[in-house]
Structures are given as C-alpha cells and as structure tokens.
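Biologist: Please take a close look at one part of this model, its pairs of oppositely charged side chains. Start with the setting they sit in.

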Amino acid sequence: MDSRLLTSAFVRVWLATLGAFASFGMIVLALPLYTKDELGRGSVGIGVAAGAASLTSMIFSILSGRLADRRGRRPLLLAGAAVMVAGYLALALTPGLGAVIAIRLIAGAAEATFVVGAYTVIADIAPEDRRGEAMSLVTLASYLGLTISPILADLVLGSGRFIAVWLLTAGLVAVSIAMLVTFRETKPQLDSSAASPGWLPPRGALVPGLLVLVGLLGFGGFVTFAALYARDLGIDRPGLVFALFGGVICLVRAFGRKLPDALGARRTLVLSFLTLAAGLAVVGGWQSTAGLLVGTVVFVAGQALTYPSAVLLAMEATTTAERSATVGTVGAFVDVAIGLGAFTLGGVAAVWGYGGAFLVASLVALSGLFVLVPLRRSGRIPLEEGAL
C-alpha cells in the first residue's frame, strides 16, 4: 500500500482549502467591524450577523456529507465554491443587517459544502495510519489562510473600504475553483447499499462532535469579539491578534501533526481541553494587551489539537461508506460551537463585558473532560467495533 501523503492531489486540495479559508479570515475580521461601523449595531447585532452562517453551515455539513457518500465529493467542492463567490460579491452591494444575515445564511451552506468535500477528499487519499496527520495538515491550510488574511484585510480595509474586502474574498475563492475544475472523484468504489439510506448523522460521530462543541465554543466568541476587545485594549491593528491566533495554530498543526495518531484521540483531547480552558481564563481574567496575547497563545495551542483528534475518533467509530457524513457531522458541531459561541457569549458580553464572556467559555471548555470520562482510556475504538 502506498504510504505517501503529500501527493499532487493532496497539494491541490490543500492549496484550494488555503484560498477558501483565507476568504473566511477576511470575513471574520471585516464583518463584525462592518456591522458596528457601517450599520451601527451593538454586541447582539454583531453576534447575530457573525453567527448567522453557522446555522445553515451546521445543517448542510450533515446533508452534504450524506450526499457526498452517495454522489461523490467533486460536485460538492465546485458547487460550494461557486455559491461562496456569489455570496461574497453580494456583500459588495453594501446591504443592511437583514440582507447581511440572509447572505450569510446562504454562504454558510456553501462554505460547509466546500469544507466537507475538501476534508473528505483528504481522508479518502490519505494512508489509513496517517489519517490524523492528514487532517492536521489540511486544517493547517485552513488556519494558515486565517492567519494571513486578517492582516491583508486590515490593509485593504483601511478607514472603511469594505467593498474592496468583499471583492477580494470572492477572488480568493475563484482561484480555489480554478485549482479544482479538473480534479478527479475520490469516492471509494463501494457497494451502493453500503451507504446509509437516511440523512441523520452517523451515531459514532455524535460524541466526538459533542467534544468539538464544548471545546470550540470559546472559538465562536473569539472570532466574533476579539477584534473589538483588542480595540478596547488599545490595539490599533486587531488583525495582528488573528495573525497570532493563526500563527500558533499553524505551528502546532505543523510540528504536532502526528500527535493524534501517536497519543490516541482521547489523550490528545484531554491535553486540548486543559490548554483551552487555561488560555481562555487568561484572556478573560487578565484584561490587558499582554493578557490577550499570552492567553491567545495558550488557548490556540489547545484549539489546534481539538478538531483533528475529534475527527480521528469519529472515523474510528464509523464505516468507510459513511466517511463524508462523519466528516460533515463533526464539522457541523464546529459550526454549532461558532454560532452558539457568538450568540451566547454575545449576551454574556453585553452584561459582563468581553472578559466575562471569555471566562464563561473557559468553564465550558473544562467541561469537555467530563464528556471524555466514559470513553476508553486508550482513546481508540477497536476496529472490530469501528468497522473501518
């Protein structure tokens, strides 16, 4: 069996994922600022605008996963990317809050469809014993995009050039489409009866998904309010905070990419939750520029380990015929975490300030340890039970 991971197909999907997530990073920085500066909305309005895409993204992560298991991955990649371009161009029409929410609902579905397709392709082409490493590397592309793009968005945005930011996001996704137009289908050739006839999530992916939810709730608050919190603390270029966030993610995913395979998913998740909770507590409790930067480094180190470990745990508990549905289900919980974090922590921030919101997120991350208790100490589900 070929044990190579960095094939030409892998590199193409990696680069397309980089472009797509670079567009996400620009949206993450610019949309809350647009909602506040141009539309005059407060914390709740910002939370609604930023979290709207998570609702449809959650639903379409599951539906797209089931569809990809039946029809293939390639259609999801191309259709999702095309709708993303249209949605980002629509933002350039300077819509009001209601239209922004509608656009983000549609774009959220497209973003989920693309990501499920891309991540499943990576799982398809990766050697079985390097699947955790493969997921770490493709999510490295994700966060590398999130690292570079806020700095770029800051430069393009200037004193309010939001239209230029939206046009650039659309252009980045268009480049990703160009890389994938000739990409071949990677769906395994299985008996058509092997795929589940239903549309519900695979049962084996639910507990890993719950782990993602409690682990990444703070991420939802961070992406929504970090730029505003940084401004309150006197940081003139909030994009630098996102750059730090993405930079630490990239370093951990690059140099720690083999940890989920080597330690097992459960042990890696224990380490992740402890680090997440500590970092968020520092951000919320030490309310200063230094506290934000130090806490971000610690928090992000835990964040980097969460998704690859959870998706590896989920794949060990499900079948090859449900691979895309498994990826989609775990991804749906990421969207729930981001959306729920934006909504709930927005409400907390309105009462207790941004520091209080991050302290609440720290307690939620710590609760993930209790979800892990029933799992086997090895963190691995035997193949005869996981049916891989």
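Biologist: Of the 388 residues of the chain, what percentage counts as buried?

Modeller: Buried residues make up 57% of the 388 in the chain, where buried means under 20% relative accessible area, exposed over 50% and partly exposed in between (1.4 Å probe, protein chains only). This is a predicted model, in which local features need pLDDT of at least 70 and side-chain atom pairs count only at pLDDT 80 or more, while totals for chains, interfaces and linings use all residues. Residues are numbered from 1 along each chain as its sequence is written, and side-chain values use heavy atoms, with hydrogens and water left out.

The chain has 14 helices and 0 strands, both taken as DSSP runs numbered from the N terminus (helices H or I, at least four residues; strands E, at least two). Its radius of gyration is 19 Å, close to the 21 Å of the globule rule for 388 residues, so the chain is as compact as a globular protein of that length. The radius is taken over C-alpha atoms, and the rule is 2.2 Å times the number of residues to the power 0.38. Along its principal axes the C-alpha trace spans about 55 × 45 × 35 Å.

Now the charged pairs. Side chains of opposite charge can pair when their charged atoms come close. The whole structure holds 4 salt bridges, each a side-chain nitrogen of Lys or Arg within 4 Å of a carboxyl oxygen of Asp or Glu.

One of them joins Glu322 to Arg66, with the closest N and O atoms 3.2 Å apart. This pair links distant parts of the chain, 256 residues apart: Arg66 belongs to helix α2, and Glu322 to the loop between α11 (289-316) and α12 (323-366). Both Glu322 and Arg66 are buried.

Another salt bridge brings the side chains of Arg73 and Asp124 together at 2.7 Å, N to O. Arg73 lies in the loop between α2 and α3 (74-91) and Asp124 in helix α4 (residues 97-125), so the pair ties together parts 51 residues apart in sequence. Arg73 and Asp124 are both buried. With Asp69, these two residues are linked in a network of salt bridges.

Arg104 pairs with Glu111, and here the closest N and O atoms are 3.0 Å apart. Arg104 is buried, as is Glu111.
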